Amino acid sequence: NVNDECHVCGGDGSSCSGSVTLSFSNIDGNAGTAEIYMENDVAIAGFQFVINDSPNYLDIISISGGSSADYGFTVSSSENGTILGFTLTGTNIPAGSGDLLVATFENNNNDQTFDLCLSDPVFSDADANGVSVTLGACVEMDFSSSLPGDLNDDGLVNVLDVVVLVNIVLGQAEQDPAGDLNSDGLINVLDVVILVNIILGG
């Protein structure tokens with residue numbers, strides 16, 4: 001027998017291709033967001049996977065944040081849950097661990113509880129070699145706990161949430177999809193007015 005490129009006698013070259021563990025981390029039903037956590041021992045140049053929801057009423061409406069944004073990846077998604085990310089600049093995600101991205105979902109049904117599962121992963125190293133992927137367990141996303149206007153997730157809607165929303169409008173706090181109270185895709189003074197009316201019982 002001869003050694004493969006990984007210096008394994010009789011090996012097939014797969015033992016040094018690196019590995020990735022992909023799992024869910026923080027799930028926020030109030031904001032409709034799921035953070036996807038990645039542990040990788042080799043630099044990643046591209047990734048593809050599917051987030052399945054059951055029952056199938058959730059649509060992915062945005063992908064943001066995480067190491068994929070930090071390293072300038074081009075990331076696309078389809079409503080059915082396929083997520084595709086790759087580098088156009090040659091800047092790979094280095095070996096390490098942390099949130100890969102945050103997926104934001106829209107609930108198109110009266111069902112409030114959904115199971116989210118990861119499937120069909122394809123990850124590439126810098127040389128376009130496939131990387132072995134281990135997937136984490138399925139998780140539950142519960143929209144029933146979401147309270148319109150509860151931007152600080154304390155179970156109450158009050159002036160604290162107004163301050164959070166005003167800070168978002170002024171660009172002094174991170175965007176939060178839960179702040180778009182009129183669902184127009186923007187967070188602005190109109191949403192502040194709606195939140196004040198909610199508090200005043202209007």
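## Close-up views of the predicted chain

**View A. The largest nonpolar core holds 27 residues.** Those with the most contacts inside this core are F47, F49, I51, L100, F105 and F123. At least two of its residues come from each of β1, β2 (33-40), β3 (46-54), β4 (58-64), β7 (96-107) and β8. A nonpolar core is a set of buried Ala, Val, Leu, Ile, Met, Phe, Trp, Tyr and Cys residues joined through side-chain atoms within 4.5 Å. Buried means under 20% relative accessible area, exposed means over 50%, and partly exposed lies in between (1.4 Å probe, protein chains only). Strands (E, at least two residues) and helices (H or I, at least four) are DSSP runs, numbered from the N terminus. Apart from this core lies another, of eight residues, including L151, V162, I187 and L195.

The model is predicted: local features need pLDDT of at least 70, side-chain atom pairs count only at pLDDT 80 or more, and totals for chains, interfaces and linings use all residues. Numbering starts from 1 along each chain as its sequence is written, and side-chain values use heavy atoms, with hydrogens and water left out.

**View B. L100 and the residues it touches.** Contact means heavy atoms within 4.5 Å. Residues up to four places away in sequence are not counted here. F47, F49 and F123 are listed with L100 among the core residues with the most contacts.

**View C. Strand β9 (residues 130-135) pairs with β1 and with β8.** Two strands pair if DSSP finds at least two bridges between them. β1 (residues 19-28) runs parallel to β9, joined by four bridges. S19 has S132 in β9 as its bridge partner. β8 (residues 113-124) runs antiparallel to β9, joined by two bridges. F123 stands opposite V131 in β9. β8 and β9 form a hairpin with five residues between them. In the turn, A128 has a positive phi of about 65°.

**View D. One disulfide, C117 to C138.** A disulfide is assigned to a pair of cysteine sulfur atoms within 2.5 Å. Here the S to S distance is 2.0 Å. The link is right-handed, with 115° about the S-S bond. C117 lies in strand β8 and C138 in the loop between β9 and β10 (139-142), so the pair ties together parts that are 21 residues apart in sequence. C138 is partly exposed, at a relative accessible area of 46%.

**View E. S119 in strand β8.** S119 is buried, with a relative accessible area of 16%. A polar contact is a pair of N or O atoms within 3.5 Å; within protein, one must be able to donate a hydrogen and the other to accept it, and residues adjacent in sequence count only if both atoms are side-chain atoms. The S119 side chain makes such a contact with the side chain of N52, at 2.6 Å. A polar contact of 3.3 Å joins the side chains of S119 and D120. Leaving out residues up to four places away in sequence, S119 touches F49, V50, N52 and L135.

**View F. D180 in the loop between α2 (159-169) and α3 (189-200).** D180 is buried, with a relative accessible area of 17%. Its side chain has a polar atom 2.8 Å from the backbone nitrogen of G185. The backbone nitrogen of D184 lies 3.2 Å from a polar atom of the D180 side chain. Leaving aside neighbours within four places in sequence, D180 is in contact with G185, L186, I187 and D191. I187 is also one of the eight residues of the other core.

**View G. Y71 in the loop between α1 (66-70) and β5 (74-77).** Y71 counts as partly exposed, at 32% relative accessibility. It touches T91, N92, I93 and P94, not counting residues up to four places away in sequence. Y71 and V2 are 69 residues apart in sequence and 39 Å apart in space, C-alpha to C-alpha.

**View H. The chain as a whole, with three helices and ten strands.** Along the sequence the pattern is β-β-β-β-α-β-β-β-β-β-β-α-α. The C-alpha trace spans about 80 × 35 × 25 Å along its principal axes. Of the 202 residues, 35% count as buried. Among contacts with a separation of 6 or more, 65% come from residues 24 or more positions apart. The chain exposes about 10500 Å², and carbon and sulfur atoms supply 50% of it. Accessible areas come from the Shrake-Rupley method with a 1.4 Å probe; for residues, only the protein chains shown count as cover.
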